[in-house]
Amino acid sequence: MALDIGASSVSLDQTPDGRRLVVRRDVAASVDTVWDVLTDTDCWSDWGPSVTAVETDNRYISAGSTGRIRVAGAVWLPFDVTACAPYRWTWDVVRLPATGHFAEERTDGSVVGFEIPPLATGYVPVCARACQRIATIATRRNE
């Protein structure tokens with residue numbers, strides 16, 4: 001069962017990492033464009049409501065990428081990308097499993113989404129906002 005939250009939806013789904021809350025949004029851009037936005041660390045503070053800065057050696061993440069993110073404009077937290085293959089990546093933040101990120105191809109564009117551990121239900125609105133921002137960035141890049 002999916003619940004609509006604005007232009008996004010949330011459901012409880014089985015993912016490669018187990019049952020997760022999944023927030024999705026349709027995007028009027030190609031799956032490759034959405035994937036580029038998701039993996040480009042220069043964009044993370046543009047679409048991530050809680051991320052204000054990123055430090056890493058690689059602009060585009062891959063499995064094994066490490067670095068740190070600044071959240072709430074003050075606290076730096078280390079991250080490790082645990083998996084990254086088209087079109088899904090996951091990470092640990094402060095050595096704890098965090099959100100999964102994905103893009104899916106559709107005939108008329110794509111979908112962007114986040115997989116959230118069920119105990120982190122309070123993060124659903126943050127991910128819905130991130131989906132909206134990614135859709136805006138990807139649509140502009142696709143024009």
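Helix α3 covers residues 124-142, 19 residues in total, and should span 27 Å at 1.5 Å a residue; its end C-alpha atoms lie 26 Å apart, which agrees. The expected span is 1.5 Å times one less than the number of residues. The model is predicted: local features need pLDDT of at least 70, side-chain atom pairs count only at pLDDT 80 or more, and totals for chains, interfaces and linings use all residues. Residues are numbered from 1 along each chain as its sequence is written, and side-chain values use heavy atoms, without hydrogens and water.

Buried residues in α3 are V124, C127, A128, A130, C131, I134, A135, I137 and A138. Buried means under 20% relative accessible area, exposed over 50%, and partly exposed in between (1.4 Å probe, protein chains only). An α-helix has 3.6 residues a turn, so residues three or four places apart point the same way.

The chain holds three helices and nine strands. Helices (H or I, at least four residues) and strands (E, at least two) are DSSP runs, numbered from the N terminus. Their order from the N terminus is β-β-β-α-α-β-β-β-β-β-β-α.

The radius of gyration is 14 Å; a compact globule of 143 residues would have a value near 15 Å, which agrees. That radius is taken over C-alpha atoms, and the globule rule is 2.2 Å times the number of residues to the power 0.38. The C-alpha trace spans about 35 × 35 × 25 Å along its principal axes. Of the 143 residues, 43% are buried. Contacts (heavy atoms within 4.5 Å) were also examined by sequence separation. Among those between residues at least 6 apart in sequence, 43% join residues at least 24 apart.

The accessible surface comes to about 7,400 Å², and carbon and sulfur atoms account for 51% of it. Areas come from the Shrake-Rupley method with a 1.4 Å probe; for residues, only the protein chains shown count as cover.

Most residues other than glycine have a negative phi, and most peptide bonds are trans. Exceptions occur in two loops. P86 and Y87 are joined by a cis peptide bond, with omega about 5 degrees. Y87 sits in the loop between β6 (75-85) and β7 (88-93). The loop between β7 and β8 (96-106) contains V94. Phi of V94 is positive, near 55 degrees. V94 is partly exposed, at 40% relative accessible area. R95 is in the loop between β7 and β8. Its phi is also positive, about 65 degrees. R95 counts as exposed, at 76% relative accessibility.
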